[in-house]
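Work through the exercises below with the sequence and the model open. Try each task before reading its solution.

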Amino acid sequence: MSQLHPQRLIKIAQFELVRLFLTKRGLLAVAAFTICWLLVLRYPIGQAVSIISSPEMAELAKQVFGAIGLSKLLDWPEAELAMYWLIALYSFPCFCLFICSDQIVGDKQRGTLRFLTLRATRNEILLGRFLGQVLILAALMAVTLIATLAVMVFRDASLLMHGLSRGFIMLCYLIVAVMPFIALMALLNTFARSARLALVLAILFFALGNIVIGILAWQIPALSVLDYLFPGVQLDQMAGQNSSMFSSLGIPLLQSAILLLVAQRIFLRSSL
Amino acid sequence: MSTLIQAQSLTKRYGSKLALDDVSFEITKGAPVALVGPNGAGKTTLFSLLCGYILPTHGQLNILGQKPGSSALFGKLSALPQDAQLDPRFSITHQLAFYGQLQGLSAKQSQTEALRVLDLVGLTEVAQQRSDDLSHGMRKRVTIGQALIGKPEIVMLDEATAGLDPIHAREVRELVANLSDEATFILSSHDLTELERLCGQVLHLNKGTLTEHQANNTQQQTQHFMTILFAQNYDHIERTIQTLPAVSRVYMSQAKEYVIEYQKSDDLFDIDLLNFCHQQGWRYRHLVNGHTLENQIFTQEKV
């Protein structure tokens, strides 16, 4: 049950891409996502430029951004990318909780997983689906990033080369940032009875978990270390470009590995 | 004959409920094997253990020298699990081809294979449809098709003909009979006549315990019993048949059906019996050498 065959792993991950881009329900999700992002591109990202270019607004922005630790972003000549970074960094993790809520639970309830486990190990299914979701998120982020770059180049074509390299680095950071969220949903999928329940559990985990740890840390400050249980703990620091390499990449990768390991242990023992 | 499946002291508990109790058996390559028993007897539990869907509480299970769920069994062991459905978001061919690819076929081979198995179950015309667009019976046949992808050595079908109309149920039986030279089928069904036709070995589960029968009656049985089903009810059948010299006992097993126990030495008893029926003007539906599987199992479950 525990082997990993690369070819089967890739096939399962590829199948997830097909699920989003070639099924009716998947295409509807993509359409809704596209409309939301068209609005984001038209207004916040478009207006980011006018905020930066207007002296009065720039002063106000400096004060606001400085107060919440985002002043470094104002130095970027690619204002659209700065706005994209802020929106994408917080919206994609939330969005991925929704689109990754049914990694295995639907197939488990329907019995489809029984057909699959006669042809792929449980590890391959779990990890393949996780990788598939990462690919989907990466594709969606890449598309929105390209659109943002297009808006930016439309304003000032000279920013293209630098924007491309900054965009690529941003994409890598964003992909790593969403990984623990996808892994959390993979874990919840191993014991939840439906995708909706997995989503509810995720929301409860973040809402109640933060309250409980807040209270515990208030009593015993050392317990604030428990914040690292939550995916996205580093996002605030990342938003202002103030986090270290370990914080931006190490923490989410470590969280993803731990969550997937726990999911794997549960999934191996669960009845199908 | 090579051993395909070996189970030793297999026990499965769900909390305090004992689903399988110290079950041991061996299945060798050859004729289809039947798994029978009343509802809740543990058939699906045993199927699930064989497929690796659940883990046993105690005991050993060995399939082609591997543990259930091992990747070495992919493509060699296939199954139709009870109530399992394909994903309604994809076309049937797309999913069957995907399963083929997981079994190691190329993209092109898997397409051909998907169409081949759909042809086997008579459903090539629905290849591009989604499972939600199909009737219950068609969905069942598609899932039987998925169990035939590649060249499996063991095919387990849990209630394969349940919910199928008589014509398609018969087609599935014919399919199993035709393919039983290539693969060893393990069939679970409540239709004992169907299993009697197809299977050699019968694993009978009742309240988690297992006994074995031979659907094709043993030498001893064929020389002791006949089961006859009459076309209608006649008066004094038991008493009249009892007058035949070789007959030691006659009893009604169910409506219009009688079991006749006779002396082992009478080699031509079946001929004598049919002649006797003809003389009496009794029309019969069928004559079975020995006990029917249904009677064997019913007698045991009543005990």
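## Exercise 1: A glutamate in a loop

A:Glu78 sits in the loop between helix H4 (71-74) and helix H5 (79-99) of chain A. The model is predicted.

**Task.** Decide whether A:Glu78 is buried or exposed, and find which side chains A:Glu78 joins by polar contact.

**Solution.** 
1. Take the accessibility. The relative accessible area of A:Glu78 is 0%. Buried means under 20%, so A:Glu78 is buried.
2. List what touches A:Glu78, leaving out residues up to four places away in sequence. The list is A:Met152, A:Arg155, A:Leu159, A:His162, A:Gly163 and A:Arg166.
3. Look for side-chain polar contacts. A:Glu78 and A:His162 are joined by one of 2.6 Å. A:Glu78 and A:Arg166 are joined by one of 3.0 Å.

## Exercise 2: Salt bridges between helices

**Solution.** 
1. Side chains of opposite charge can pair when their charged atoms come close.
2. Take the pair of A:Arg129 and A:Glu16. The closest N and O atoms are 3.1 Å apart. A:Arg129 lies in helix H8 (residues 122-155) of chain A and A:Glu16 in helix H1 (residues 6-21) of chain A, so the bridge ties together parts 113 residues apart in sequence. A:Arg129 and A:Glu16 are both buried.
3. Take the pair of A:Glu80 and A:Arg155. Here the closest N and O atoms are 2.7 Å apart. A:Glu80 is in helix H5 of chain A and A:Arg155 in helix H8 of chain A, so this bridge ties together parts 75 residues apart in sequence.
4. Check the burial of the second pair. A:Glu80 has 1% relative accessibility and counts as buried. A:Arg155, at 37%, counts as partly exposed.

## Exercise 3: A salt bridge in chain B

**Solution.** 
1. Now look for shared partners elsewhere. Salt bridges that share partners join A:Glu16, A:Arg19, A:Asp107, A:Arg110, A:Arg129, B:Asp87 and B:Arg89 into one network.

## Exercise 4: The interface

**Task.** Describe how chain B and chain A meet: how many residues are in contact, how much area is buried, and which elements of chain B supply residues?

**Solution.** 
1. Count the residues. 34 residues of chain B contact 29 residues of chain A.
2. Take the area. The two chains bury about 2900 Å² between them, with 62% of it on carbon and sulfur atoms. In chain B, B:Tyr53, B:Arg89 and B:Leu102 lose the most area to chain A, together 26% of what that side buries.
3. Find the charged pairs. The interface has 2 salt bridges. One of them joins the side chains of B:Asp87 and A:Arg110 at 3.9 Å, N to O.
4. Assign elements. Strand S5 (77-80), helix H2 (92-102) and helix H4 (136-146) of chain B each supply at least two residues to the side that touches chain A. H2(B) gives the most, with 6 residues.
5. Sort by class. This side of chain B has 17 nonpolar, 14 polar and 3 charged residues.

## Exercise 5: A covered helix

**Task.** How many residues of H4(B) are buried, and what covers them?

**Solution.** 
1. Count. H4(B) is mostly covered, with 8 of its 11 residues buried.
2. Name some. Among the buried residues are B:Lys140, B:Arg141 and B:Ile144.
3. Find the cover. It includes helix H7 (112-116) of chain A, together with S5, H2, helix H3 (107-120) and helix H5 (166-179) of chain B.

How values were computed: Residues are numbered from 1 along each chain as its sequence is written. Chains are lettered from A and ligands numbered from 1 in the order in which they are written. This is a predicted model: local features need pLDDT of at least 70, side-chain atom pairs count only at pLDDT 80 or more; totals for chains, interfaces and linings use all residues. Side-chain values use heavy atoms; hydrogens and water are left out. Contact means heavy atoms within 4.5 Å. Buried area is the accessible area (1.4 Å probe) that two parts lose on being put together, summed over both. A salt bridge is a side-chain nitrogen of Lys or Arg within 4 Å of a carboxyl oxygen of Asp or Glu. Helices (H or I, at least four residues) and strands (E, at least two) are DSSP runs, numbered from the N terminus. Ala, Val, Leu, Ile, Met, Phe, Trp, Tyr, Cys and Pro count as nonpolar, Asp, Glu, Lys and Arg as charged, and the others, Gly among them, as polar. Buried means under 20% relative accessible area, exposed over 50%, partly exposed in between (1.4 Å probe, protein chains only). A polar contact is a pair of N or O atoms within 3.5 Å; within protein, one must be able to donate a hydrogen and the other to accept it, and residues adjacent in sequence count only if both atoms are side-chain atoms.
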